[in-house]
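Thank you for making time for this today.

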Amino acid sequence: MPYGSRLAAMMTRRIGRECVYTPSARLALYLALRRWCRPGARVLMSPVNDDVILFVVLAAGLRPVQAPVSPWDGNIDPAAVPESTWRDVDAVLTTNLYGMPDRVVELRRRCDQLGIPLIEDAAHAIGTHVDGQPIGTFGTAAAFSLSKHVAAMAGGFLVVEDARTRRELELLRDDLLTPRRLRDDLTSTLRPLARSAVRTLHLVRPVWRTMQRLKLLERDDFRMALHAPRLAGSARQAPSLTAYEPWVRVDLHGFRSRHGAVVRGQLELRLALLDGDLARRRAGVSLLSGTTWATPALRDRAGEGPPSLFRVPLLVHDRDALLERLVNHGVVAGYVYDPPLDDYAGAEFVEPSPDPSAARWFAAHTLPADPLLGRRIAAALTKERAAPAHPPVPATPVFDTTTTPPTPLGQ
């Protein structure tokens, strides 16, 4: 029986496509990039993204091409991508940032016209739909994460179109897995319990401050240290996950460690709780989308309910100072992707966006709010007198649509 087949079967029933279980979404994404992109291929992606994803793309031996984005959700704006760029890319990688869907209908149409793969990074979007269709079913392949939902802190899936491809990718995955280590299994099992205990006992502030003082955090800032000379040297070995492991493993050292039966059993239990988690997220999104800081991209179409986002992008002035003050209210808001990847890594490692202004603005003003803590965050921002932010130039909210003018995103 293939490794993780029970978890894969649970996800297949949910998403309606063949699934490969992986220890993490980043390993799933690496598998997809290796399977559908030749070394040296150019991959269009949003610069408002986790730096780990940049390093996964580099590890696959690919050239990241940064796209213009919507100032309202940080996802690729297909209409703003120059035609010369469209003609010169070999694949498109979505972000579905915080669970806000990319314009996947338009991106799929473009990819079909060009004969290139659309790969969906659905790590934030396990509960997101567009026109009634789940994110993760529009592209050639999609990477999902359990560590972003139901407090799992481990586990991922690669979703593909057919059983033959699934079997091929299971073999590739098995070659990349490292042997199971008791330490990794214990970490994957105990970290969710420890995090829950910290929140229940209202210890978020002292625990976080202690970790900062003792320098126990792998990132000193929103981005990890680039270590450009070492990174450039690793390129000589690409494609190679091992060569880029110092960057790819940050915040999740067991990202390709084979999970034992105890971890997989816990993940099965947590996956069974996903619908309840998504319902609670929708309630939090409903609350936060009605606040003055919410992006207009969250406004619902008449008769539709709120999406079940991983994080709610709130747009605020003095974002960095607010993040620091939120810790005093027991809220640690992670998943800030600032600066954009082209400013962070430079032209040596990525092709810069032809128009970086929207990405820079969005990255600097977005406060990712956990919808499960929606009421607490709204109260804290009110108490701190947080000022809402608006793009400096008139902009039309970008929603998922195939034509202009835009219409609200589907759920």
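This is a predicted model: local features need pLDDT of at least 70, side-chain atom pairs count only at pLDDT 80 or more; totals for chains, interfaces and linings use all residues.

Residues are numbered from 1 along each chain as its sequence is written, and side-chain values use heavy atoms, with hydrogens and water left out.

Let me begin with the sheet, which is open and mixed in its pairing, with seven strands in the order S1-S9-S8-S5-S4-S2-S3; strands here are DSSP runs of E with at least two residues, helices are runs of H or I with at least four, both numbered from the N terminus, and two strands pair if DSSP finds at least two bridges between them. Strand S1 (18–22) and strand S3 (63–66) stand at the edges with a single partner strand each, so one side of each has no neighbour in the sheet. Further in, S5 (residues 118–121) and S8 (residues 141–145) run parallel and are joined by three bridges, with Ile 119 standing opposite Ala 141 in S8.

Helix H3 lies across S2 (42–45), S3, S4 (91–93) and S5, running at about 135° to S3, where axes are lines fitted to C-alpha atoms, for helices over the stretch in contact, and angles run from 0 to 180 degrees between N-to-C directions.

That brings me to the cores, a nonpolar core being a set of buried Ala, Val, Leu, Ile, Met, Phe, Trp, Tyr and Cys residues joined through side-chain atoms within 4.5 Å, with buried meaning under 20% relative accessible area (1.4 Å probe, protein chains only). The largest core has 74 residues, of which Leu 33, Phe 55, Phe 144, Phe 157 and Leu 158 touch the most other members. Helix H3 (residues 51–59) gives the most to this core, namely eight residues. A second, separate core of 37 residues includes Leu 323 and Ala 369.

Finally, what are the buried residues of helix H13 (residues 319–327)? They are Arg 319, Leu 322, Leu 323, Leu 326 and Val 327. Seen down the axis of H13, these fall within an arc of 145° (taken from the directions from the helix axis to the C-beta atoms), so they line one face of the helix. Arg 319 has a relative accessible area of 2%, and its contacts (heavy atoms within 4.5 Å), leaving aside neighbours within four places in sequence, include Phe 222, Asp 338 and His 365.

Terms used
Buried means under 20% relative accessible area, exposed over 50%, partly exposed in between (1.4 Å probe, protein chains only).
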